[in-house]
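Please view the sequence and the structure first; the description follows.

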Amino acid sequence: MDKASAVSFSYAKAAGLLSKAFIKDKRQLLFEAQSLTDLWTLLFKEAVPLVPETLLARQLEEKAFDEFYTQYLFFINQYDKPPLILVDKIKRYEVENLKEIIGALCAGEKELPHLLDLKDFSKIDL
């Protein structure tokens, strides 16, 4: 869609997401969570993974970031030609993916580490 329509659509979607955010009165819900399991249940609509709390903390962080990033890509994809400043933010994560891959190779790991899926914005063929 053209730039004006994409900006309007993105603004409306962002306003909708902001209405669901944990700000103002809803922030108290975050502070009432007594465990990571409670926090997972509050934030996500899926079952809590059956892992120890220390691993759950990492999964919670990764899932929250993946959801944010998915929404970010959704907004960028509304443009026929996204603004360069928005695309440049994505390129930072391609460097992070490379660091993860190199670190895994240096450690002799056989599995690919958790990487952020950059969709069409990736220059590396994983």
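Leaving aside residues up to four places away in sequence, Tyr-93 touches Phe-65, Tyr-69, Leu-116 and Leu-118. The model described here is predicted. Tyr-93 itself belongs to helix α5. Its C-alpha atom is separated by 9.3 Å from that of Ser-122, a residue 29 positions apart from Tyr-93 along the chain.

**Salt bridges**

Side chains of opposite charge can pair when their charged atoms come close. In this model the count comes to 6 salt bridges.

| Pair | N to O separation |
|---|---|
| Glu-62 and Arg-58 | 3.0 Å |
| Lys-63 and Glu-67 | 3.1 Å |
| Lys-119 and Asp-117 | 3.1 Å |

Salt bridges that share partners join Glu-46, Lys-63 and Glu-67 into one network. Lys-119 is exposed, at 51% relative accessibility, while Asp-117 is partly exposed at 48%.

Glu-62 and Arg-58 lie 4 residues apart in helix α4, and therefore about one helical turn separates them. Arg-58 has a relative accessible area of 53% and is exposed; for Glu-62 the value is 23%, so this residue is partly exposed.

Helix α4, which spans residues 53-76, contains Lys-63. Is Lys-63 buried or exposed? With a relative accessible area of 19%, Lys-63 is buried, because buried means under 20%. Its salt-bridge partner Glu-67 is partly exposed at 36% relative accessibility. Lys-63 and Glu-67 are 4 residues apart in helix α4, so they too are separated by about one helical turn. Beyond residues up to four places away in sequence, Lys-63 touches Trp-40, Phe-44 and Glu-46.

**Surface patches**

Lys-13, Lys-20, Lys-26 and Lys-45 form a positive surface patch. One of these residues, Lys-45, is situated in the loop between α3 (36-43) and α4. Lys-45 counts as exposed, because its relative accessibility is 85%.

A nonpolar surface patch of about 350 Å² is made by Leu-98, Ile-102, Ile-124 and Leu-126. Ile-124 is located in the segment after α5 (84-106). At 31% relative accessibility, Ile-124 counts as partly exposed.

Definitions and conventions:
Residues are numbered from 1 along each chain as its sequence is written. This is a predicted model: local features need pLDDT of at least 70, side-chain atom pairs count only at pLDDT 80 or more; totals for chains, interfaces and linings use all residues. Side-chain values use heavy atoms; hydrogens and water are left out. Helices (H or I, at least four residues) and strands (E, at least two) are DSSP runs, numbered from the N terminus. Buried means under 20% relative accessible area, exposed over 50%, partly exposed in between (1.4 Å probe, protein chains only). Contact means heavy atoms within 4.5 Å. Patches are made of residues with over 30% relative accessible area and no salt bridge: like charges are joined within 9 Å, nonpolar side chains (Val, Leu, Ile, Met, Phe, Trp, Tyr) within 5 Å. Accessible areas come from the Shrake-Rupley method with a 1.4 Å probe; for residues, only the protein chains shown count as cover. A salt bridge is a side-chain nitrogen of Lys or Arg within 4 Å of a carboxyl oxygen of Asp or Glu. Lys and Arg count as positive and Asp and Glu as negative; His and the chain ends are not counted. The place of a charge is taken as NZ of Lys, CZ of Arg, CG of Asp or CD of Glu.
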